[in-house]
Amino acid sequence: MYDFLSRGAEYGSDVLIPQVRQTTAGDVGNFLVGKNAKAQHQIAKELGGIFGKKGLRFAASKPAQAVLRLVPGLTTGLVALDAADVVSGDESLGNRIMDGAGMLVGGGVGLLTGGPMGMLVGASTGKGASDGLQYLFGDKKTPEQRKMEEALAMLQGGKY
């Protein structure tokens, strides 16, 4: 599963679609529980690229490998929580659209640059960036704060 996604844009739909169809639930499960050797190698390689030889040596150690096996599943879980927030959150429709667009763009860029792990990290990063922009340029109030202010205004105005 990881091989055909690791090169993203090099594949056209004539190659990508048949390979996606050949991906089994077992392939996906192995990826999520850290049994996919290519995905684990990519994670270790990325750590080496970020932290140099010491990072690569650390990633190759047995304790680090045990922890790094959890990365794909945890990352998928976090993206699922982000998606659930977009779908069922109590923010405005514009906020949800912006969050969804951030996840879509981030996931697309991540897929082209880092395969499945890049897609997951990109989607979550895109949602985080969207939320950050909304906080910086929005009214800086959570939906709960708005509800509390409305309730307080009703109480002060004598309405129950």
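Mentor: Start with helix 7. A straight helix of 45 residues would span 66 Å at 1.5 Å a residue, but helix 7 spans only 16 Å between its end C-alpha atoms. The expected span is 1.5 Å times one less than the number of residues. Keep in mind that this is a predicted model: local features need pLDDT of at least 70, side-chain atom pairs count only at pLDDT 80 or more, and totals for chains, interfaces and linings use all residues. Residues are numbered from 1 along each chain as its sequence is written, and side-chain values use heavy atoms, with hydrogens and water left out.

Trainee: What makes a run of residues a helix here, and how many are there in the chain?

Mentor: Helices are DSSP runs of H or I with at least four residues, strands are runs of E with at least two, and both are numbered from the N terminus. The chain has 8 helices and 0 strands. Its elements therefore read α-α-α-α-α-α-α-α from the N terminus on.

Trainee: Where in helix 7 is there a kink?

Mentor: At Gly114, shortly before the proline Pro116. The kink there is about 155°. That bend is the angle between axes fitted to the seven residues ending at a residue and the seven starting there.

Trainee: Why is Lys127 called buried?

Mentor: Buried means under 20% relative accessible area, exposed means over 50%, and partly exposed lies in between (1.4 Å probe, protein chains only). Lys127 has a relative accessible area of 2%, so it is buried. Lys127 sits in helix 7.

Trainee: Which residues is Lys127 in contact with?

Mentor: Leave aside its neighbours within four places in sequence. Then Lys127 is in contact with Asp82, Asp85, Val86, Asp99, Gly102 and Met103. Contact means heavy atoms within 4.5 Å.

Trainee: What makes Asp85 and Lys127 a salt bridge?

Mentor: The test is a side-chain nitrogen of Lys or Arg within 4 Å of a carboxyl oxygen of Asp or Glu. In the pair Asp85 and Lys127, the closest N and O atoms are 2.7 Å apart. Asp85 lies in helix 6 (residues 71-88) and Lys127 in helix 7, so the pair ties together parts that are 42 residues apart in sequence. Asp85 is partly exposed, at 30% relative accessibility.

Trainee: How do you know that Lys127 forms a salt bridge with Asp99?

Mentor: Their closest N and O atoms are 3.7 Å apart, and the limit is 4 Å. Both Lys127 and Asp99 are buried.

Trainee: What links Asp131 and Lys127?

Mentor: Another salt bridge, at 2.6 Å from N to O. Asp131 and Lys127 are 4 residues apart in helix 7, so about one helical turn separates them. An α-helix has 3.6 residues a turn, so residues three or four places apart point the same way. Asp131 counts as partly exposed, because its relative accessibility is 30%. Salt bridges that share partners join Asp85, Asp99, Lys127 and Asp131 into one network. The structure holds 3 salt bridges.

Trainee: Is Gln134 buried or exposed?

Mentor: Buried: its relative accessible area is 16%, and the cut-off is under 20%. Gln134 belongs to helix 7. Not counting residues up to four places away in sequence, Gln134 touches Asn95, Met98 and Asp99.

Trainee: What makes a nonpolar patch, and which residues form one on the surface?

Mentor: Patch residues have over 30% relative accessible area and no salt bridge; like charges are joined within 9 Å, and nonpolar side chains (Val, Leu, Ile, Met, Phe, Trp, Tyr) within 5 Å. Here the patch consists of Met98, Leu133, Tyr135, Leu136 and Phe137. Together they have about 570 Å² of accessible area, a value from the Shrake-Rupley method with a 1.4 Å probe, where for residues only the protein chains shown count as cover. Met98, in helix 7 (residues 93-137), is partly exposed at 34%.

Trainee: Why is Phe58 called exposed?

Mentor: Its relative accessibility is 51%, against a cut-off of over 50%. Phe58 is in helix 4 (residues 37-60).

Trainee: And why does Val87 count as exposed?

Mentor: Val87 reaches 63% relative accessibility, so it counts as exposed. Val87 is found in helix 6.

Trainee: How much of the chain counts as buried?

Mentor: Of its 160 residues, 28%.
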